[in-house]
Amino acid sequence: MPSRTHPELPAPELLTDRMAARPKPPGARGDPVPSAASEPPPVPRRPPLSRPLSLCLSLCALLFALLTWQVVADGPLRRLDERAGRATADAAFPERAAEFLADLGNPGVALPVLGAVLAYAAWYGRRAGVFRWWLAPLAGALAMAAVPALVVPLKAAVARPGPPGMAGHDGFYPSGHTATAAVAYGAAALLMLPLLRRAYGRRALLIGCLLVNAAVGFGLVRRGYHWPLDVAASWLLCGMLLAAVTAVAGRYGRQ
């Protein structure tokens, strides 16, 4: 009678080796299962300087260098500027009104406005729990402190004589009163913008700031305290300062 043969079974050692060689699914034998929660969070990066701010800084710096070169080299732009300044000084605009507009650039008028806005912005930001509430007011204060640090050496270096009513004096380029008004009112407007919820309120604030600074510049030229290029150079210089304030507050803090 033929004997049946049974299939040969693998040895236990070989079976164990084959099972060990197979890839094990995650979590088998107590291995930790990778999850998205266990991955380290990405390191936040500071946003780069926005293109409008970079363009503003570059344009203001280029135009300021051009105006300074024309004033120092007694170029055609300076001669045109002096003719325009004399015509504006002889314009039929009330002198008292022009004096009032020029006085808006006095430190005794502009600095208290900025100080009040700095204090209010700091108080509001801390009370509302704004992230880095102190940064934007600090940037505005530093911009104001930078005005004399920049304007005084430039006045001494350029040493431009003043209009006919200011004969015998020099150091009128750029205008210190214009720079004080531009940074004080401009920084105050930038600090107040995030606190206004309505779009038309923000537009009205910006338009009002521009009108006040234009009025200060006109009053200074009309009263014969400065040439038009003195005023324009201060606007460009302060445009760079205010762009820096906006960049610092936007990169390292947020309202």
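The following conversation concerns a predicted model of one protein.

Me: What secondary structure does the protein have, how many helices and how many strands?
Reply: The predicted model contains nine helices and zero strands. Read from the N terminus, the order of elements is α-α-α-α-α-α-α-α-α.

Me: What share of the 255 residues is buried?
Reply: Buried residues account for 35% of the 255 residues. The protein exposes about 16200 Å², and carbon and sulfur atoms supply 66% of that area.

Me: And the contacts, what part comes from residues 24 or more positions apart?
Reply: Among contacts with a separation of 6 or more, 76% are between residues 24 or more positions apart.

Me: What does Val183 touch, leaving aside neighbours within four places in sequence?
Reply: Val183 is in contact with Ala143, Met144, Val147, Ala188, Cys238, Leu241 and Leu242.

Me: Now the aromatics. How many aromatic pairs are found in the whole structure?
Reply: A search of the whole structure finds four. One of them joins Phe64 and Tyr173, which are stacked at 6.3 Å centre to centre with 20° between the planes.

Me: Where do Phe64 and Tyr173 lie?
Reply: Phe64 is in helix H2 and Tyr173 is in the loop between H6 and H7, so this pair ties together parts 109 residues apart in sequence. Both Phe64 and Tyr173 are buried.

Me: How are Phe93 and Phe218 arranged?
Reply: Phe93 and Phe218 form an edge-to-face pair, with 5.0 Å centre to centre and 90° between the planes. Phe93 sits in the loop between helix H3 (76-89) and H4, while Phe218 belongs to helix H8, and the two are 125 residues apart.

Me: Why do Phe93 and Phe218 count as partly exposed?
Reply: Phe93 counts as partly exposed because its relative accessibility is 29%, and Phe218 because its value is 32%.

Me: Which residues form one aromatic cluster?
Reply: Tyr120, Trp123 and Tyr124 form one aromatic cluster.

Me: Back to helix H2. Where is Thr68, and is Thr68 buried or exposed?
Reply: Thr68 is located in helix H2. It is buried because its relative accessible area is 16%, and buried means under 20%.

Me: What does Thr68 touch, not counting residues up to four places away?
Reply: Thr68 touches Val158 and Tyr173.

Me: Which residues make up the nonpolar patch on the surface?
Reply: The patch consists of Leu59, Leu63, Leu66 and Trp69, with about 390 Å² of accessible area together. Leu63 is found in helix H2, and this residue is partly exposed, with a relative accessible area of 34%.

Key: Residues numbered from 1 in each chain as written. Predicted model: local features only at pLDDT ≥ 70, side-chain atom pairs only at ≥ 80, totals over all residues. Heavy atoms only, no water. Contact = heavy atoms within 4.5 Å. Patch = residues over 30% accessible without salt bridge, like charges linked within 9 Å, V, L, I, M, F, W, Y side chains within 5 Å. Areas by Shrake-Rupley, 256 points an atom, 1.4 Å probe, with all protein chains shown as cover. Salt bridge = Lys/Arg side-chain N within 4 Å of Asp/Glu carboxyl O. Helix = DSSP H or I, 4+ residues; strand = E, 2+ residues; numbered from the N terminus. Buried < 20%, exposed > 50% of the residue type's maximum accessible area, 1.4 Å probe, protein only. Phe/Tyr/Trp six-rings, centres within 6.5 Å; stacked < 30°, edge-to-face > 60°.
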